[in-house]
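Work through the exercises below with the model open. Each task is followed by a solution in steps.

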Amino acid sequence: MVSLKYVSLVVMLFQNAITPIITRFATTSAAAADRYSTPVAVLTSEVLKLTLSLLLIIVEEGYSVVAAFRVVNNQIILKPKDTLRLAVPAILYFIQNIFIQLASGNLPAAIFQVTYQGKTLVVAFCSVLLLQKQLSRVKWLAISLMATGIAIVQLSSSKEGKQSSMANDAEQNIYVGLSFVFLGCLCSGFAGVYFEMMM
């Protein structure tokens, strides 16, 4: 029998591999005037997550809507300090999702995927600065190698083979895309470390 952790690993691998490709297609298949609104798309996905979360709470509470709303009241509404502290990473992740959608419309999928791994660098630096973590020489070497790899990818002038046939070809700007990826990495990395600080 296959372990649940391996199934989860395969699903996460598939999700992380396919997401930039789908996002790239969605953000380049139409010109700006005909394309969906990025903030509305991100807000819609957040509302969907909220709805699914509430449904899961209802299931956990024995399919009782009253019991589920009691849990929401006790854990969220009656604990405003905790809720506000959790709002910081939630808002940062919301902003990060907008930046990532905007970046994917300006960068080839491969460059986006490699450059977005810069969030690992942000997490490392924020962990050292905010959590006072000590990193070994091997970890610093790994971080340096990752930074070098990201810099090499950014300096390359690669283009997608089909980029000229994309509906938004004239709108794409690699510098705008890299700026949005950088801002997304900052939001994601800081939010992750801030969440760890709260624990």
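**Exercise 1.** Find the volume of the largest pocket and the residues closest to its centre.

Solution. In this predicted model, the largest pocket holds about 700 Å³ of space. A pocket here is an open set of points on a 1 Å grid over the protein atoms alone, where a 1.4 Å probe fits, with protein on both sides within 12 Å along at least five of seven lines; lining residues have an atom within 4 Å of a point. Next, take the lining: of its 20 residues, Gln15, Thr19, Gln96, Asn97 and Tyr116 are the closest to the centre. Then assign elements: helix H1 (4-28), helix H2 (38-60), H4 and H5 each give two or more residues.

Features are local only at pLDDT of at least 70 and side-chain atom pairs count only at 80 or more, while totals for chains, interfaces and linings use all residues. Numbering runs from 1 along each chain as its sequence is written, and side-chain values use heavy atoms, without hydrogens and water.

**Exercise 2.** Is Ser188 buried or exposed, and which residues does Ser188 touch?

Solution. First locate Ser188, which is in helix H8. Its relative accessible area is 11%, so Ser188 is buried (under 20%; exposed is over 50%, partly exposed in between, with a 1.4 Å probe and protein chains only). Then list contacts (heavy atoms within 4.5 Å): leaving out residues up to four places away in sequence, Ser188 touches Tyr93, Gln96, Tyr116 and Lys119.

**Exercise 3.** Which residues does Val122 contact beyond its neighbours within four places in sequence?

Solution. Val122 is in contact with Cys185, Leu186, Gly189 and Phe190.

Technical notes. Helices (H or I, at least four residues) and strands (E, at least two) are DSSP runs, numbered from the N terminus. Grid points are joined across faces, edges and corners, and a volume is the space filled by probe spheres set on the points.
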